[in-house]
Amino acid sequence: MKKSSLINKGCITLNRKGYGMRVAILIITLLYYALAINAFTPAAGKRRHIQYHNSQIIAKSTFSCDDDTSEDVMVIFRSPSHHTYGFIQTNNDNKYDLPMVELRTLMHDEQQEVQFIPIIKDDLQSTSTKQPKLLSRNQSKKKKKDVYKHNIPLMYWVKNSTGSTIDHTIIAKATSHSILTHASFTINKCYNISDEVWKDAVSSSTTVNITNIIDQIDIIDMQNPNISNHDRTDLIQRIANFIEYNQLQCVDDVNKEEGRQPIIIHNIILQQQNVEHIHQLYFGYRLSIGLAGTTGAPNKTLRRTNKGILKKYALKNRLVKSDQVAYDTSTAMEPEIGFLMINLALTGRDITSSSLRILDPCCGSGRLLLYAAASGVSKLVGVDYNQNVYRDAELEFERYNLTTPIFIQGNVQSPLSTEVLCTPNSFDAIVCDPPYGIGAPVLNGDNDKGGEESTKKERESRDIISSIISIASNVLVDGDRLVFLLPVQGESMSIPLDKLLQSDLEKNKLRLLESSSRLQSFSPTFARWLVCMEKC
């Protein structure tokens with residue numbers, strides 16, 4: 001047979017030279033038509049791909065999509081930021097529960113009855129498998145960016161330990177005061193949708209008129225925190241087409257009811273390679289937005305947040321009149337940790353009460369008191385041994401039209417010489433960031449390597465800590481809290497907090513709240529404890 005011979009089959013003619021490629025094209029063509037025929041099957045047939053709440057992806061959810069009256073509470077937390085990523089527990093499956101600690105405190109949940117059930121395990125859609133690692137101070141910014149890839153869930157169902165739904169009023173109030181919670185919602189419908197079904201619906205010829213709802217319903221796209229108006233409209237159109245295509249029963253009335261904001265949350269679960277993605281749609285109402293939250297989705301990076309209240313009180317925007325004051329207050333508390341400490345100290349009580357009194361016995365430039373004033377507290381007292389550090393503080397409070405604290409020169413190590421440091425039962429909360437700069441004394445269990453100088457620094461540190469705890473034991477009202485930061489380094493980082501503070505706890509009427517205290521790591525050799533205590 002000649003090489004140039006032809007093979008004729010009806011209207012299809014193949015020569016031997018391109019035989020393999022043409023056969024492949026023929027097979028692909030047949031597959032295309034087979035898929036096309038399948039795509040035009042009735043919508044009811046496609047609905048078998050839709051999975052509901054009781055699917056494996058959301059196995060912990062107990063309510064039914066068929067019950068229009070049931071509403072579960074969802075919270076979306078903010079992503080760890082530049083200031084809070086150190087609280088990620090790399091030795092505990094990258095656990096990051098600081099937002100839950102704050103929200104439980106604001107909800108008065110001392111018995112840990114509130115449960116946070118992650119909706120998905122990878123809602124940040126990170127493609128990196130790297131775990132966050134501890135940074136040394138000399139690492140470059142470029143290396144720090146590599147740490148910003150993490151895989152931490154942000155979306156949670158909120159339940160009581162009995163499985164019942166949380167009171168909406170309680171969670172809404174707690175969210176509105178929380179600095180680490182993005183927003184809270186009630187959800188009455190949710191669907192998990194295969195990528196195939198989603199694409200079929202949005203590419204169908206059915207186009208729903210969304211003119212009447214475009215301005216009445218809000219949309220959150222977890223993949224697009226800074227969604228534009230065009231993208232927002234396009235997503236609402238896609239969702240409306242999907243609902244119509246599959247004849248779903250979702251939120252029939254999108255008008256605002258009882259002041260609640262109708263909401264649709266769209267999320268995508270990115271599966272492993274060669275596995276179909278899952279689209280998630282949640283229908284419900286927004287309950288409340290956190291102090292640093294927005295109407296959209298939370299940012300997914302660990303960069304410094306420069307929006308809302310965190311932008312307003314950012315350290316770079318503070319007023320400082322002299323270089324000396326700027327140097328003396330260079331380690332002033334940034335707002336995210338500051339507002340967190342205030343919330344942990346006030347335990348969700350009515351902060352608008354004119355009777356609340358807060359003390360900072362090592363106030364420095366008064367930043368913690370500024371955040372307390374911004375939270376609504378009006379009776380504030382700051383004490384520091386260096387008058388220079390709070391010399392310009394009044395300017396900051398006047399700038400934001402906040403009540404200026406009473407600033408007093410005093411020394412925590414000589415409390416009897418300062419009346420506010422020795423008057424029993426005179427304060428409802430104490431917040432404190434003791435004066436530890438870089439190189440200043442911290443708790444260090446590695447004394448053998450540091451010699452006499454290290455031992456001296458540790459002794460100075462313990463004296464300051466012991467004085468603060470002793471003052472709190474005296475001036476706090478029973479049941480109220482002391483919240484402060486405790487730097488540690490070396491071997492002390494691995495010592496349990498109750499052991500570090502054992503002698504002070506034994507001598508004073510304070511108990512350590514271990515469920516509210518957390519370790520923040522900065523490097524393999526340096527960290528600090530966020531310590532919560534309560535007078536008993």
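I started with the strands, where two of them pair if DSSP finds at least two bridges between them. Helices (H or I, at least four residues) and strands (E, at least two) are DSSP runs, numbered from the N terminus.

**Entry 1: ground rules**

I am looking at a predicted model, where local features need pLDDT of at least 70, side-chain atom pairs count only at pLDDT 80 or more, and totals for chains, interfaces and linings use all residues. Residues are numbered from 1 along each chain as its sequence is written, and side-chain values use heavy atoms, with hydrogens and water left out.

**Entry 2: strand β18 and its partners**

I looked up β17 and β18, and found that a hairpin joins them through two residues. Strand β17 covers residues 518–523 and runs antiparallel to β18, with five bridges between them. Leu-519 has Trp-529 of β18 as its bridge partner.

I then checked what else pairs with β18. Strand β15 (residues 476–489) runs antiparallel to β18 and is joined to it by nine bridges; here Val-483 stands opposite Cys-532. Strand β16 (residues 510–512) also pairs with β18 in the antiparallel sense, over three bridges, and Leu-512 faces Met-533 there. A reminder to myself: strands of a sheet pair through backbone hydrogen bonds, either parallel or antiparallel.

How many residues of β18 are buried? For strand β18 (residues 526–535) I noted 10 of 10, where buried means under 20% relative accessible area, exposed over 50% and partly exposed in between (1.4 Å probe, protein chains only). In a regular strand the side chains alternate between the two faces of the sheet. In β18, Phe-526, Arg-528, Leu-530, Cys-532 and Glu-534 point one way, while Ala-527, Trp-529, Val-531, Met-533 and Lys-535 point the other way, and all are buried.

**Entry 3: a covered helix**

Helix α3 (residues 98–106) is mostly covered too, with nine of its nine residues buried. Among them are Glu-102 and Arg-104. Just after α3, I found His-108 with a positive phi of about 60 degrees.

**Entry 4: the seven-stranded sheet**

Next I traced an open sheet of seven strands with mixed pairing, in the order β4-β5-β3-β6-β9-β8-β7. Which strands stand at the edges? They are β4 and β7 (218–221); each has a single partner strand, so one side of each is left without a neighbour in the sheet. Neighbouring strands of this sheet are turned by 35 degrees against each other on average, direction ignored.

Val-114 stands opposite Asn-160 of β5.

Helix α5 (residues 168–177) touches β3, β6 (181–194) and β9 (278–289), and its direction makes about 85 degrees with that of β9. Helix α6 touches β6, β8 (261–269) and β9, and its direction makes about 90 degrees with that of β6. For these, contact means heavy atoms within 4.5 Å; axes are lines fitted to C-alpha atoms, for helices over the stretch in contact, and angles run from 0 to 180 degrees between N-to-C directions.

**Entry 5: α6 against α7**

I stayed with α6 (residues 195–202) and looked at its meeting with helix α7 (residues 229–246): the axes come within 8 Å and cross at roughly 100 degrees. That makes α6 roughly perpendicular to α7 (the range is 65 to 115 degrees). The contact includes Trp-198 and Asp-200 of α6 and Arg-238 and Phe-242 of α7. Its residues divide into eight nonpolar, two polar and two charged. Here Ala, Val, Leu, Ile, Met, Phe, Trp, Tyr, Cys and Pro count as nonpolar, Asp, Glu, Lys and Arg as charged, and the others, Gly among them, as polar.

**Entry 6: aromatic rings**

Rings of Phe, Tyr and Trp (its six-membered ring) pair if their centres lie within 6.5 Å; planes under 30 degrees apart count as stacked, over 60 as edge-to-face and the rest as tilted. By this rule I have 12 aromatic pairs. One of them is Phe-77 with Phe-116, a tilted pair at 5.8 Å centre to centre and 55 degrees between the planes. Phe-77 lies in strand β3 (residues 72–77) and Phe-116 in strand β4 (residues 114–118), so the pair ties together parts that are 39 residues apart in sequence. Phe-77 is buried at 2% relative accessibility, and Phe-116 is buried at 11%.

Phe-339 and Tyr-371 form another tilted pair, at 5.1 Å and 35 degrees. Phe-339 sits in helix α10 (residues 335–346) and Tyr-371 in helix α11 (residues 367–374), so this pair ties together parts 32 residues apart in sequence. Phe-339 is buried at 1% and Tyr-371 at 0%. Ring pairs link Tyr-313, Phe-339, Tyr-371 and Tyr-400 into a cluster.

Methods. Parallel < 35°, antiparallel > 145°, perpendicular 65-115°, else oblique.
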